[in-house]
Structures are given as structure tokens and as C-alpha cells.
Amino acid sequence: MSKIYDAFRNRRSLSKVTAETPSTEDLLHIIEAAGRIPDHSSLHPWRVIEIRGSGRAQVGQALAQAEAKPDSTNKYVQKAQRAELLLAVVFSPRASKKVPEWEQEAVAAGIAHSLVILLEDAGWGVIWRTGHNVRTQPVHQAHRLAPEEKLMGWLYVGGRTDAHPEPRKSINPREFLSEL
């Protein structure tokens, strides 16, 4: 098949990555390509926040605050530092009479998935992390989101480790394709 087919077919989340990361210039190149996904009325209802250095600890502290467990701060700060680069994908709805909010949020999710595939294709290790605290007020504030914006989660990005994860189990496509 094609290189694109292989990229999707062989995609595998890497929960452990090395400290090596793409540069901001590398990210701009990848984001430009991801921005070509289907987007009704070209609203671009999304944005990406590049988080490096101490910003990762801020994310962890916000997650701990959202969890409301005083003894959990170190745990969440450590979790947010599992990669040197986090990319927060943000849903930024746009006013539109033609395009409902749910459709715009689908575009933002498509951006996140496209970034995963493009980063992996560029040789980076990636995992898309979410969780029940993604859309809490402390996390919202830590990312300086506008009131109408919603976080889609974080892409943890870094170099690939020497370990090659097992391929994901294939699906039976017949279970997911039906006729009307």
C-alpha cells in the first residue's frame, strides 16, 4: 500500500520517550501539514500550545490541584515531566451559523490525531494523553485558555527509545463497516 497507509497501520503510542525533541521550527512544519485536514468553512477551531521546561511542572501542579489531593502534587508533576515536550491541543470554537460546535470540536480532535501521525512519521515517539482532569478549571487556567476554549489533551513527544513496541492488534474491519 502507501506510506500513509503504513503510517496509520503501524501507529503505536510510546509511553516512554527520550529527552530529544523536535525544534519549534520542526513543529511549525508539522502543524502546517496537520492544518490541511477537512475543516468546514476553514474555521481553524484549534490551536497548539508548546510546553517545555518549567511549563511541564505547571501542568502537573494544575492536575494535582484539580485532583484536590494535597499529597498528589509530586505524582502529577512527575507525570507531566515524562517527556521534555508536551503539545497541548486546544479546541477554540468559532462563531458560525453553518458549522455547529460539535463539528468544530471534531476538527480539533482530527488535528491532534494528525499531529500524532505526522510526528511519528518524522521519527518521533508520541502518546496522546487525556484524563478526567483535562477540562477542569485549574488545568484551564494553567494553560491560559479563553473562557470558550477546551483542552483536548497533550501529546507527549520525544525521541524513540531503542525498544520497539509490539504492533497493535489489528481490528476486523468487517465489524465496523455496515451498509444502509
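These questions and answers walk through a predicted model.

User: Where in the chain is Asp39 found?
Analyst: Start with the elements on either side. Helix H2 covers 24–34 and strand S1 covers 46–51. Asp39 is found in the loop between H2 and S1.

User: Asp39 is buried, so which side chain of opposite charge is nearest, and how far away is it?
Analyst: Asp39 has no salt bridge. A salt bridge needs a nitrogen and an oxygen within 4 Å. The nearest side chain of opposite charge lies 7.9 Å away, and it belongs to Arg94.

User: What is the phi of His44?
Analyst: His44 sits in the loop between H2 and S1. Its relative accessible area is 38%, so His44 counts as partly exposed. Most residues other than glycine have a negative phi. His44 is not a glycine, yet its phi is positive, at about 50 degrees.

User: Is Arg144 buried or exposed?
Analyst: Arg144 is in the loop between H6 and S4. Arg144 also has a positive phi, about 55 degrees, although it is not a glycine. The cut-off for exposed is over 50%. Arg144 has a relative accessible area of 69%, so it is exposed.

User: How many salt bridges does a search of the whole structure find?
Analyst: Side chains of opposite charge can pair when their charged atoms come close. One of the pairs here is Glu50 with Arg52, at 2.8 Å from N to O. The search of the whole structure finds a total of 6.

User: Are Glu50 and Arg52 buried, partly exposed or exposed?
Analyst: Buried means under 20% and exposed means over 50%. Glu50 has a relative accessible area of 33%. Arg52 has 31%. Both values fall between the cut-offs, so Glu50 and Arg52 are partly exposed.

User: How many residues apart are Glu101 and Lys150?
Analyst: Glu101 and Lys150 form a salt bridge, with the closest N and O atoms 3.2 Å apart. The pair links distant parts of the chain: Glu101 is in helix H5 (residues 101–121) and Lys150 is in strand S4 (residues 150–159), a separation of 49 residues.

User: Which residue forms a salt bridge with Arg135?
Analyst: Arg135 lies in the loop between strand S3 (124–129) and helix H6 (137–142). Its partner is in helix H5, so the pair ties together parts that are 30 residues apart in sequence. The closest N and O atoms are 2.6 Å apart. The partner is Glu105.

User: How far apart in space are Ser23 and Asn133?
Analyst: Ser23 lies in the loop between H1 and H2. A polar atom of its side chain lies 3.0 Å from the backbone nitrogen of Asp26. Ser23 and Asn133 are 110 residues apart in sequence. From C-alpha to C-alpha, the distance between Ser23 and Asn133 is 28 Å.

Methods. Residues numbered from 1 in each chain as written. Predicted model: local features only at pLDDT ≥ 70, side-chain atom pairs only at ≥ 80, totals over all residues. Heavy atoms only, no water. Helix = DSSP H or I, 4+ residues; strand = E, 2+ residues; numbered from the N terminus. Buried < 20%, exposed > 50% of the residue type's maximum accessible area, 1.4 Å probe, protein only. Lys, Arg positive; Asp, Glu negative; His and termini not counted. Polar contact = N/O pair within 3.5 Å; in protein donor to acceptor, adjacent residues only side chain to side chain.
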